[in-house]
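Subject: Structure handover and findings

Dear colleague,

Please find below the structure for your review. My notes on it follow directly after.

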Amino acid sequence: MNLEKEFNSFLRSKKLKSKDYNFLLAVSGGVDSMVLLNLFLKNKLNFSVATCNFNLRDKQSEKDVQLVKSICDQNNISFYHKKFNTRDYSDKEKMSIQLASRNLRYDWFKNLLNENNFDYLATAHHKDDSAETILFNLFRTTGYKGLLGISDSKNRIIRPLIAIKKIDLVNYANAQNIRWRD
């Protein structure tokens, strides 16, 4: 698979391969989002980066943030960072840590989009994430809508890597010497 070709094909199909758009990238420091960052850099698109620290992995979470910040600093990319007290929010709202993290980050991303006039939020969801979502939804018995998985775009959120398998992202990252954290 030619990952760069797949990425560019997605942008063309959505009519997003233009300097007219300003993107906000959700970057965690993991392989998926670091590949996304690399692809946006290679394509010289207008973008900024946002990363979250959910304070769930002590010093490891801070190291993730520092990796993303260092790449942004090296490339003169605007960088947004927010720390959350995810456990307290999870307890208060009586929801899982995963759902609490999702709510916190998407609320913050939505605020960043609106406050800074970004056109789109780009996330690094990939094909394996979509398959996981379908299985999860099957177990939750969400009906036929749960079989759809993750869409490639919706409500100003784009997922340019949604057709790409995780192993292809890892292989690309290794071939391109992209740094990431597990």
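In this predicted model, helix 4 (residues 86-93) and helix 5 cross at roughly 105°, and their axes come within 9 Å. Helix 4 is thus roughly perpendicular to helix 5, because angles from 65 to 115 degrees are counted in that class. On the helix 4 side, the residues that meet helix 5 are Thr86, Arg87, Tyr89 and Ser90; their counterparts in helix 5 are Ile97, Ala100, Ser101, Asn103 and Leu104. Sorted by class, this contact has four nonpolar, four polar and one charged residues.

Serine 101 deserves a separate remark. Serine 101 belongs to helix 5, which spans residues 97-115. Is serine 101 buried or exposed? Its relative accessible area is 7%, so serine 101 is buried, the limit for that class being under 20%. Leaving aside residues up to four places away in sequence, serine 101 touches Phe54, Leu56 and Thr86.

Helix 1 and helix 2 pack with their axes 11 Å apart, at an angle of about 70°. The two helices are therefore roughly perpendicular to each other. Helix 1 contributes Leu3, Glu4 and Phe7 to the contact, while helix 2 contributes Val35, Leu36, Leu39, Phe40 and Lys42. By class, the contact of helix 1 with helix 2 has six nonpolar, no polar and two charged residues.

Next, the charged pairs. Side chains of opposite charge can pair when their charged atoms come close. How many salt bridges does a search of the whole structure find? The search finds seven. Among them are the following:

- Lysine 42 and glutamate 4 meet through their side chains in a salt bridge, at 2.7 Å from N to O. Because lysine 42 lies in helix 2 (residues 31-42) and glutamate 4 in helix 1 (residues 3-13), the pair ties together parts that are 38 residues apart in sequence. Lysine 42 is partly exposed, with a relative accessible area of 39%, and glutamate 4 is partly exposed as well, at 27%.
- Arginine 57 and aspartate 64 also meet in a salt bridge between their side chains, with a distance of 2.7 Å from N to O. Arginine 57 is partly exposed, with a relative accessible area of 36%, whereas aspartate 64 counts as buried at 9% relative accessibility. A network of salt bridges links Arg57 and Asp64 with Arg181.
- Glutamate 93 forms a salt bridge with lysine 92, and the closest N and O atoms of this pair are 3.8 Å apart. Glutamate 93 has a relative accessible area of 36% and is partly exposed, while lysine 92 is exposed at 64%.

Where is alanine 124 found? Alanine 124 is in the loop between strand 4 (120-122) and helix 6 (127-140). With a relative accessibility of 11%, alanine 124 counts as buried. The C-alpha atom of alanine 124 is separated by 8.4 Å from that of leucine 25, although these two residues are 99 residues apart along the chain.

Turning to the chain as a whole, there are seven helices and six strands. Read from the N terminus on, the elements follow the order α-β-α-β-α-β-α-α-β-α-β-β-α. The chain has 182 residues, and buried residues make up 42% of them. Of the contacts with a separation of 6 or more, 72% are between residues 24 or more positions apart.

Finally, a word on confidence. The mean pLDDT of the chain is 87, and 85% of its residues reach 70 or more. Over residues 130-149, however, pLDDT stays under 50. For that stretch the model has 14 contacts beyond four places in sequence. Helix 6 is assigned to residues 127-140, and residues 130-149 are those with pLDDT under 50.

With kind regards

Key
Residues numbered from 1 in each chain as written. Predicted model: local features only at pLDDT ≥ 70, side-chain atom pairs only at ≥ 80, totals over all residues. Heavy atoms only, no water. pLDDT = per-residue confidence, 0-100. Contact = heavy atoms within 4.5 Å. Salt bridge = Lys/Arg side-chain N within 4 Å of Asp/Glu carboxyl O. Helix = DSSP H or I, 4+ residues; strand = E, 2+ residues; numbered from the N terminus. Buried < 20%, exposed > 50% of the residue type's maximum accessible area, 1.4 Å probe, protein only. Axes fitted to C-alpha atoms, helices over the stretch in contact; angles between N-to-C directions. Parallel < 35°, antiparallel > 145°, perpendicular 65-115°, else oblique. Nonpolar A, V, L, I, M, F, W, Y, C, P; charged D, E, K, R; others polar.
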